Amino acid sequence: MGKLRRKIFWGSMVLFFAFLLWEGGRYGLRQALRELEETHRIVVRVESTVPLFLGFSLRGVRVSGEGFAFQAPEVSVRLSWSRGISVVIEDGEFTFSSGLPWSALESLPPLFVEVRRARLSGQNLPPWDGWLEKSGTVLRFGIAAGDLEARGTVEEGKAVLEGKYRTLPFRGSFVPAEGRFEGELGEGSRRVHLEGILSRKARGWELSPLRVDYGELLFSGQLFWGDDGLSTLSGRVRVLEEDIDVSLQGRNTRTSFEGNFEGKSVTSTLLGRFRADLWSSSFVLEFTPQSVWQGVRLSGRLEGSVDDGLRLNFRDFFVSPEEECTLFPVRGSGRIQGEVKKKGELWQGEIAFSSPEILVDRLELKEVSARVALDGGRVTFSGSGHMFGGNLELSGSYESGVIQASGRVQGITLEGILEQSDVPLSGIFSGNLSCTGEAGDFRIVLQLTDGSLSWQGMDLGSIAGGEVLLEGERVEVRNILVTRGSGKLSGNMVRDASGIRGKGEFEGYPLEVSWKGKMARFTLWGSVTLEWGKEHYLGLCLSSPSWFFGDLQGRDLSLSGAIRGKEITLDCLTLQWDGGYFNTRGRMVLDQEVDLSGEIENLRLPDNDFRLSGTIHRARFAVSGPWERVFWKFEGEGSSLRILNESLGERVVLKFAGVLPLSSFLGGQVAFADILNPETLSEGTIIVERANLALLGGSFLAKAVDPVDFSFVLDPGNRLWRFRSGEVALSFPPYGDFRGKVEGVYDGRRFVVETLEFSGSQGIRLSGKGTVDTLAKTLDLQCSFGGELSFPFEEFVVELGGSGTLHLFGDYVSPVAEGSVTLQRFRVLAGGREYFSLRGLQGNLAGGKWRFSGGKGTFLGGELVVRGEVSQEGLVLHGTVQGNGAFPGLEGIFRGQWNGELVVTGKEGQYTLEGDLVVREAVLDTRGGRAGDLCVLIPCLR
């Protein structure tokens, strides 16, 4: 009985205490939930409550708060002597937008919470288990999800967390915990190491210091989650072996973190926007144009991921390596599209690259389009573009800092290769290209296959071989071969920092040059040396066994000398020409000064408007002094010589010394008057044997019947030439031939005839004076003449005598002639008898015609009056006859009174007599058989 009472007592006590615990637990839980709702704005909704032994079951539980939510079909709550309230949550679903409400957990009474098969909303993650124990102010927790195991302690705002990943892929965010975390994820490049201390701050949570080691990613710094949802990550990250100070600011979404970023290192500055998907380990970076990474300017969009190594996807991504960039031997801007991936230390992938212009170790390429493939440490590429003004197709590789490539070029220019446009040598080449080397030590070899070469626009021929070598700033053209016909031009050239140097060899090389409308042709042998730097130098050592210039030809041309800047040095220029010889030597500075001298022997010169023609047997010449006032000297002897297309005579001795602008000679502006100008001459002698009077400057003296000797001697004191002729024979049709002499002076413009005395072949005397202006090409000569003439014919003789004047003026090619003449006596005699006489005939010359009037005389025993005109067109004379007498020779047979008019016309000895004669009171006496003599009269009267 006692035993039964004891059992009933203790059982009642147990039930009592159980009731107290149950009621106390219900009260404590209700009080805690009420405080959570009031203090932390956490709302708890329960559909129903089911009592349990020492506890109860909550059905349809929904909990929501700021930044998180939770729902479960059932939550069991029990009382425990050792743990207080014990909670079990099964098949719950959790949603977090800003993390766990740690401050709310601190307000709960002592409890132990166990979570079974929980899930994260919207995430494809395996279910996880966990527990949370609160004892006083200490929180302990643990979690297990697949291969994830973690546990930790939170006390006074600080947490210690330990955990481990083994083979579970890392596709989630950082576990929100206060404490230290160390973990491993996968194998090799997917291994992750995390360390950090999480602390509660005034407006959020701070994870500092934070260290993340994930494959190529090594980060150390701090992360701050603000209660307003804005987060800031700052610190240092190691990417591709470079330490970068980074600062990111953005907001969390369910699965991503996005915002602005800034990264700086010694060599890099990165700016732009980003978006990182924390579950898929992917990211998007949009760089601003101010971004620079290790000397490479970046802009555009870059997509990537780090779940299985580093993967980069370039979409309209632009790069521009700057001058200080050491990563690539490339300069210039370009567009990249494609994808590359890095596994461990190796890169793989393929990109398309295009650029308007890039520079590969001083090699300029334009309009580049290329495909680039990465395979580990090796980069292969192929593409096309423009180089040196031509087209380029190239393929090759880049490995360990060394480029190796080969391809073909077409239509590149020598100016582009030499990077100089003022070189007189130019060319267009095609060929095969190969290149190799590191940045700063790059080598390009171009094997030439075809093309052409020119000198100052003149075609030199076709490329038959050679190669071009480019190393840094040095360009070398080696063994170039140019062919033209059967001739060859070979040579070498180097361009470096000091300039351009080269040498060419000619072998039977045909060269044609046009000069002043005439073609010059040579067959060259010898060499040319070129230096083009601060000073320009061209050395010449050439010869041609034959040469042609227009219609002229010669042999044995030899030239040696140099051109340095504006200075031309002739060591020797010699040539053979139609049995003659010419040589010259000296120097000339263009537009400044000259010093040349030379010799001529038996040289036949061409006809032209400015130089000599004919044959120079012996001559010496020299020019020296400043360009605009050069002293020139010429001494020579020749034959059949002409100056400025004017014949000088059969033999000529010339001696000149004077001053003229050299540009006049070189420009072909020297006229004969310039050479003879006494204002510029200090010495001058011209002796012409058997000269043509065209020397006087025109044809105003008509035709010279015979050559004449002439001399010109300079009078430098009076700045005049004094000239004198030998016996001059001239023809003045229809006035006859004359012989005489001419003396006078020449002042550089006008010939002044001081003495002019000629005697005609028929006894006429001619004298006069005047001037000939060679510049205006005019003359003004006045002459007087007179004398007795007799012209015998077959059956009669004509005698005449008189005097007159002649004035020639105007253009000396076709001058105007005026004059007058008085015919004092004119008779026609036959057999010693006078048949016709005339006195006092007056003639005047005008308009090329002589008009005669006033002549009176006798004819047929009567009076005769004559008038008429004489010109180059012919003779027209009118005679009026009136008188009483007999016809000459028929005085005893026929006589009478004569009255009528006769007209004489004709030209050059072919004359006709026409007219009408009336005979009155005629007497015909035929006695003594004299009638036969009438036959003389009958023809005259027809």
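Is Arg443 buried, exposed or partly exposed? At 32% relative accessibility, Arg443 counts as partly exposed. The structure is a predicted model. A search of the whole structure gives 43 salt bridges and 0 disulfides.

**Salt bridges**
- Arg443 pairs with Glu471 in a salt bridge, with the closest N and O atoms 3.1 Å apart.
- Arg443 belongs to strand 28 (residues 441-455) and Glu471 to strand 29 (residues 458-471), so this pair ties together parts that are 28 residues apart in sequence.
- Glu471 is partly exposed, with a relative accessible area of 32%.
- Glu535 and Arg564 form a salt bridge through their side chains, at 3.9 Å from N to O.
- Glu535 sits in the loop between strand 33 (518-532) and strand 34 (536-549), and Arg564 in strand 35 (residues 552-564), so the pair ties together parts that are 29 residues apart in sequence.
- Glu535 is exposed at 51%, whereas Arg564 is partly exposed at 41%.
- Asp715 and Arg722 form a salt bridge, their closest N and O atoms being 3.5 Å apart.
- Asp715 is buried, with a relative accessible area of 18%, while Arg722 is partly exposed at 39%.

**Nonpolar cores**
- The largest nonpolar core has 81 residues, and Phe429 and Leu453 have the most contacts inside it.
- Not counting residues up to four places away in sequence, Leu453 touches residues including Leu414, Leu425, Phe429, Met458, Ile463, Val482 and Leu489.
- A second, separate core has 73 residues, among them Leu570, Leu596, Leu730 and Val772.

**Cysteines**
- Cys435 is buried at 8% relative accessibility.
- Cys572 is partly exposed at 27% relative accessibility.

Terms used: Residues are numbered from 1 along each chain as its sequence is written. This is a predicted model: local features need pLDDT of at least 70, side-chain atom pairs count only at pLDDT 80 or more; totals for chains, interfaces and linings use all residues. Side-chain values use heavy atoms; hydrogens and water are left out. A nonpolar core is a set of buried Ala, Val, Leu, Ile, Met, Phe, Trp, Tyr and Cys residues joined through side-chain atoms within 4.5 Å. Buried means under 20% relative accessible area, exposed over 50%, partly exposed in between (1.4 Å probe, protein chains only). Contact means heavy atoms within 4.5 Å. A disulfide is a pair of cysteine sulfur atoms within 2.5 Å. A salt bridge is a side-chain nitrogen of Lys or Arg within 4 Å of a carboxyl oxygen of Asp or Glu. Helices (H or I, at least four residues) and strands (E, at least two) are DSSP runs, numbered from the N terminus.
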